[in-house]
Amino acid sequence: MSYILVVDDEKDIRDLISQILFDEGHLVKLAHNSSSAMQYINTEVPDLIVLDIWLKDSEMDGIEILKSVKLNNPLCPVVIISGHGNIEIAVAAVKQGAYDFLEKPFNIDQLVLVINRALEASSLRKEVFSLKNQENQENKMIGDTTTFRNLKQKLDKLLKSNGRILITGPSGSGKEIAARYVHQNSERSSNAFVSVACASIDSEKMELLLFGQEVDGKINPGLLEKAHGGTIFFDEVADLPMGTQSKILRVLVDQVFIRVGGKNVVRVSCRIISSTSRDLSDEISKGHFKEELFHRFNVVPIEIPSLEERLFDIPLLSAYFIDWLNKNEGLQFKKLSEEAIRKLQSMKWPGNIRQLKNVIERALILGSDKSEIRKDDIAEFDETSLKSDHEKFSIIGDNYYSDKSLREAREEFEKAYLVFQISKFNGNVSKTANHVGMERSALHRKMKSLNIESTTKENN
């Protein structure tokens with residue numbers, strides 16, 4: 001049984017189509033104008049929409065509704081019907097993404113045939129989209145230790161519910177991987193997974209990004225609308241601006257919001273998963289995070305273990321990264337020697353799984369052997385590494401720089417500060433530049449002058 005929305009200003013036509021589709025075993029809802037149609041669509045995305053082009057007493061005509069649907073829910077097929085059919089209208093509808101065009105009065109058998117074909121094509125597109133989404137994801141739950149299996153069992157219990165989840169754990173431990181695992185194995189998997197990097201978005205732009213905007217009657221949907229029917233993931237919620245926290249709290253309570261510059265209430269249905277590497281109780285006591293929002297987010301708490309708590313998963317994780325980097329980045333496939341494995345398991349991992357991937361990628365690129373990653377190819381974590389830079393950055397007030405020249409101290413501070421910020425954004429130079437208030441080109445020059453490398457590729 002499929003959910004089909006019929007939008008037509010003529011009651012007789014709505015009733016006729018409804019009866020036909022009901023007899024075919026479908027769930028049918030009826031709308032007479034754009035307002036009622038968009039309310040249905042924002043509440044739950046239909047499997048298919050039958051849409052009249054000409055709608056009396058309606059803010060939007062059929063083509064405008066079609067544009068909105070294809071923008072926000074591109075996998076939803078739309079069959080256009082019209083009593084004023086001509087070639088120009090049909091071509092315009094198909095160009096905007098309509099599956100097909102039927103002229104009134106239409107043949108009942110023809111209508112049923114077109115709808116069945118549209119539903120079959122949509123089902124196939126959703127399946128392909130889901131498979132591509134999983135194939136292209138670097139993120140995958142990998143492990144076999146007791147610690148990992150306990151985590152996966154907890155996540156598996158959440159797959160059939162829509163409860164909000166708060167994922168805690170150290171930076172780089174795989175919090176977003178866990179969130180994607182829940183989404184991809186839930187009933188929402190055919191819809192979007194939208195990730196919000198709270199730490200990398202300016203507070204002034206956050207509300208526009210989340211809630212969207214209306215300017216001169218034109219709608220720019222926000223991330224909440226794009227996540228309708230799917231999952232929205234707030235990464236590092238401790239960095240949410242206080243003003244935005246209040247508005248998100250209202251969304252969680254009322255399930256509605258108003259776009260920036262708009263007047264109409266927007267209703268969305270999306271699962272909310274959030275994460276943090278900070279102690280939110282401490283943030284609440286400092287007045288940086290709303291306690292009520294914490295309790296709304298923290299319906300189901302999940303803690304992700306550090307890599308040092310699951311060292312025996314390193315061989316499996318390393319093998320997965322080698323295979324992934326070979327298939328997706330074109331790096332040469334190499335085996336991991338036993339000595340290299342033992343070295344990896346004896347190292348410190350403050351950067352957790354993210355750091356392990358970077359170490360494996362560097363070994364594949366710079367390793368001396370063509371067929372094997374050896375012990376000497378594994379970059380040791382020493383005083384000049386990220387951990388040292390974090391430590392240097394955290395002791396600015398001490399006497400660390402007292403015996404250095406101003407130039408030496410400034411360069412050392414700048415390097416520690418930038419490495420800290422770059423690691424915070426997983427190596428993404430564009431996001432780091434935006435956060436620290438520099439042009440990307442200027443940040444690249446500064447990184448080059450300070451011999452700072454970013455091992456994670458930017459998304460252009």
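D8 is buried, its relative accessible area being 0% (buried means under 20%, exposed over 50% and partly exposed in between, with a 1.4 Å probe and protein chains only). The model is a predicted one, in which local features need pLDDT of at least 70 and side-chain atom pairs count only at pLDDT 80 or more, while totals for chains, interfaces and linings use all residues. Residues are numbered from 1 along each chain as its sequence is written, and side-chain values use heavy atoms, with hydrogens and water left out.

D8 sits in the loop between β1 (3-7) and α1 (11-23); helices (H or I, at least four residues) and strands (E, at least two) are DSSP runs numbered from the N terminus. Beyond its neighbours within four places in sequence, the contacts of D8 (heavy atoms within 4.5 Å) include I13, R14, H32, D52 and K104.

Turning to the sheet, five strands are arranged as an open sheet in the order β7-β10-β13-β6-β14, with parallel pairing (two strands pair if DSSP finds at least two bridges between them). β7 (193-197) and β14 (300-303) stand at the edges with a single partner strand each, so one side of each has no neighbour in the sheet. Five bridges link β7 in the parallel sense to β10 (residues 231-235), and S195 stands opposite F233 in β10.

As for confidence, the protein chain has a mean pLDDT of 84, and 88% of its residues reach 70 or more (pLDDT is the predictor's confidence in each residue, from 0 to 100). Over residues 382-400 the pLDDT is below 50. Where pLDDT is low, the predicted coordinates should not be read in detail.
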